[in-house]
Amino acid sequence: WVPQVLSSVDEVVEVYRELCQRPGLAAACLGPDVTTQYGGKYCSLYTEWSQRDLARAENVKFCRQYLIFHDETSVVYSGPAGTSSEIKDELLSQESPSRALKAVLRKVPSKEKKEEKQFLEVWDQNCKVKSIDLTLLDKHGSVYDDDHFGCLAWTHSETHLLYVAEKKRPKAESFFQSKAPNLVSSNEDVGCPEKVDVPLKVRSPRPGAGEIWWGGCGADGVVPQGEQFVYHEDWGEALSKRSVPVLCVMDIEDSSILVLEGIPEHLSPGQAFWSPDDTGVVFVGWWSEPFHLGLQHCTNRRSALFYMDLTSGACEQLSEDNTAVWSPRLSPDHCRIVYLENDVFGPHQQCSRLRMYDWYTKQTSTVLEAVPRQISGAFPGIYCNALPGLCWAADSRRLVLDTVQRSQQDVFVVDTVTGATTSLTANAPQGSWSVLTVDRDILVARFSTPSCPHALKVAILPSAGLEAQLQWVCLQDAAPVPGISWGIHTLQPPPEQENPQYRGPDFDAILLRPSKDPAAQKHPLVVMPHGKNLSPLSPRCTPTLAGQYQPLFPFTGGPHSVFTAGWMLYPAALCRMGFAVLLVNYRGSLGFGQDSVASLPGNVGTQDVRDVQFCVEWVLQEESLDTSRVALVGGSHGGFLACHLLGQFPNTYHACVVRNPVVNIASMVAATDIPDWCLTETGLPYAPDARPDPAQWKDMLHRSPIHYIDQVRAPVLLMLGEDDRRVPPQQGLEYYRALKARGVPTRLLLYPGNGHALAGVEAEADGFMNIVLWLVKHLRC
């Protein structure tokens, strides 16, 4: 007897509609403490959530507010305050240090229905006190609201705001542009006022800090000719509108905007904040020479921490050269800056170092090194795209972060003086934990499991040495999805598949199973090797509550990422319909030590493929599953592995769905925004001026799934993003044509306006429906 899998279109639609409405928790911000007449304390908690609105085909943002009563050692009472309300058109928002003011970057459609405008607003506790039309001022291009460069930072004196925007580009004219005889182009016409030194009076909390000066734009007023079609490099996938970022400052008092000059032209600044004395800015600068490489999810790009002294105009490098740094965070006492650091090039994601710069001694120290091997009970190393925007404890000595630990994500407190680490979730339920904010030792976190969407948790951080006593309180629970059971399995590769350079690393897999049927019934199996998982590793907002919400399914890159035991829409929905789902964290995944990461480059197409196949064979032997109904679903490097498995093990798999798959590394290297990935993962050296020789082209081709195309028999559904810069759609088209030429049943879906992640609400929903119908048809469900 074959167990029932939901197969009608109406049933599939209903399952997806139900689960996609589960909201995702994106950000949190704590208000100031208020002391009651009885001596108790409470504070407000503002949270931002996202929810898919299928009718509007967009992600809807909304806020929920809560009250937390505490006695500084524990949470006495907590609960919601009022109902939820939608947040409209906010791109960035940030409360001032005293929390008396809030800055908001808002997009507003223009009345002419052309390009939308951007406004920078300031609110106090009663109303909006400032609203500046940045588009009308025309000092710069669009403000960056992404998680990579974007920031919105208050001075400590709360008089100025710092943000990042696209550099204004003078409008170019044709050589043959007609000109009215009596009209003369002015500096204003090209968006650049006359050069004049303007004092920026930053009212510093430290007496005697003086005034800060910088010059105007320095344009000569001449309209450039013949430059309409000059190519301007951008920063690749998801950053295609980011070319030349500049730091900008708004004076709150007179609503003026100034663009900071003096940053070396070869640097692209971002993630900026004010120095402790408000007389300069600290920022991360990425090298843009000799040309731009993709930055999204690439924490290996050459960059450094810089300080721009606005009094003298000097720009000083604070961190070491020839490294990749990001995510700087200033301590509450304004004495230390911590940041994350990786090696340049190599794997795009790896085990990171935690570094600390002392503002007054000018000394840099290493708080935590990369961890070679993950050892049970010990700190696993740092695997994350960013530190929490507010991560320091009130003592300015400890900080709180979350990191992947094998197939989970856990929260740790780190002593920056001794390097000691303590888990804050060791005794908590198994799943995926993310820190949203830490303020005055009040911790706010997000928790989920494969069968339960995001829940909101709060706790008070105990004093040093007592951190293990921390108790989490659930502030907003989430109902588990019925009918799903799951577990984590650890596998050791057989001796013949050990990596001779890195012997010993094992790997994990997370298995989701329908739990409503008796165990004797054999369910079809969907195998999902990961690409780059956006759920645990997505870039979070720097001290800003931003409007960037990650999709809840991992389909965007790799191979150095990981599935964690958290909420993911597609696997949960497939399991709810009657499929068992296997999520494989093969060797090379994050959270298992740097040796595991380093073991994969040079072995893609073999080591990772064999790990997945070994795991599938083990699960089919150990679990009661239908071996005649096994399918593959994967995206990016997960699609690379799915296509490899189809060709190398054609008797195992009976259907396949791939999204933006890498199918031919050799043909991808010249078209992608990450050409270094193609060589590094093949085991070849990368240099910007290098050109692969014929032997290297051959090696890349032989490690690609297209090499095994003649053995593929299972029907394949391809889903491609028309605007994908990471794995250009030509990769999928190449595979599609090769399959069609060999008579293999295949279908291709091309989604306009979608990039690598296929994260548009409409594309995501349509993709799920087509995946399910393809599996139902070809697995005979």
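Visitor: Which is Cys615, buried or exposed?
Guide: Residues count as buried under 20% relative accessible area and as exposed over 50%, with partly exposed in between, using a 1.4 Å probe and protein chains only. Cys615 has a relative accessible area of 0%, so this cysteine is buried.

Visitor: What kind of model is this?
Guide: Residues are numbered from 1 along each chain as its sequence is written, and side-chain values use heavy atoms, leaving out hydrogens and water. Local features need pLDDT of at least 70, side-chain atom pairs count only at pLDDT 80 or more, and totals for chains, interfaces and linings use all residues; this is a predicted model.

Visitor: How many disulfides are found in the whole structure?
Guide: A disulfide is a pair of cysteine sulfur atoms within 2.5 Å. A search of the whole structure gives a count of 0.

Visitor: Which cysteine sulfur is nearest to that of Cys615?
Guide: Cys615 takes part in no disulfide. At 16 Å, the nearest cysteine sulfur is that of Cys575.

Visitor: How far from Cys656 is the nearest cysteine sulfur?
Guide: Cys656 counts as buried, because its relative accessibility is 0%. Cys656 is in no disulfide, and the nearest cysteine sulfur, belonging to Cys643, is away by 5.5 Å.

Visitor: In which helix is Met700?
Guide: Helices (H or I, at least four residues) and strands (E, at least two) are DSSP runs, numbered from the N terminus. With a relative accessible area of 0%, Met700 is buried. Residues 694-702, where Met700 has its place, form helix α10.

Visitor: What separates the C-alpha atoms of Met700 and Ile665?
Guide: Contact means heavy atoms within 4.5 Å. Leaving aside neighbours within four places in sequence, Met700 is in contact with residues including Ile665, Ala666 and Cys678. Met700 and Ile665 are 35 residues apart along the chain, yet the separation of their C-alpha atoms is 5.5 Å.

Visitor: Why is strand β8 described as largely enclosed by the rest of the structure?
Guide: Strand β8 covers residues 102-108.

Visitor: Which residue in β9 is the bridge partner of Val104?
Guide: Two strands pair if DSSP finds at least two bridges between them. Strand β7 (residues 90-95) pairs with β8 in the antiparallel sense over 5 bridges, and Leu92 has Leu105 as its partner in β8. β8 also pairs with strand β9 (residues 117-123), in the antiparallel sense over 7 bridges. There, the partner of Val104 is Glu121.

Visitor: Which turn residue between β7 and β8 has a positive phi?
Guide: β7 and β8 form a hairpin with 6 residues between them. In the turn, a positive phi of about 70° belongs to Arg99.

Visitor: Which strands are the edges of the open sheet of 4 strands?
Guide: The order of this sheet is β21-β22-β23-β24, with antiparallel pairing. Pairing on one side only marks the edge strands, β21 (323-330) and β24 (364-368).

Visitor: Which residue in β22 stands opposite Thr323?
Guide: β21 and strand β22 (residues 336-343) run antiparallel and are joined by 6 bridges. Opposite Thr323 stands Asp343.
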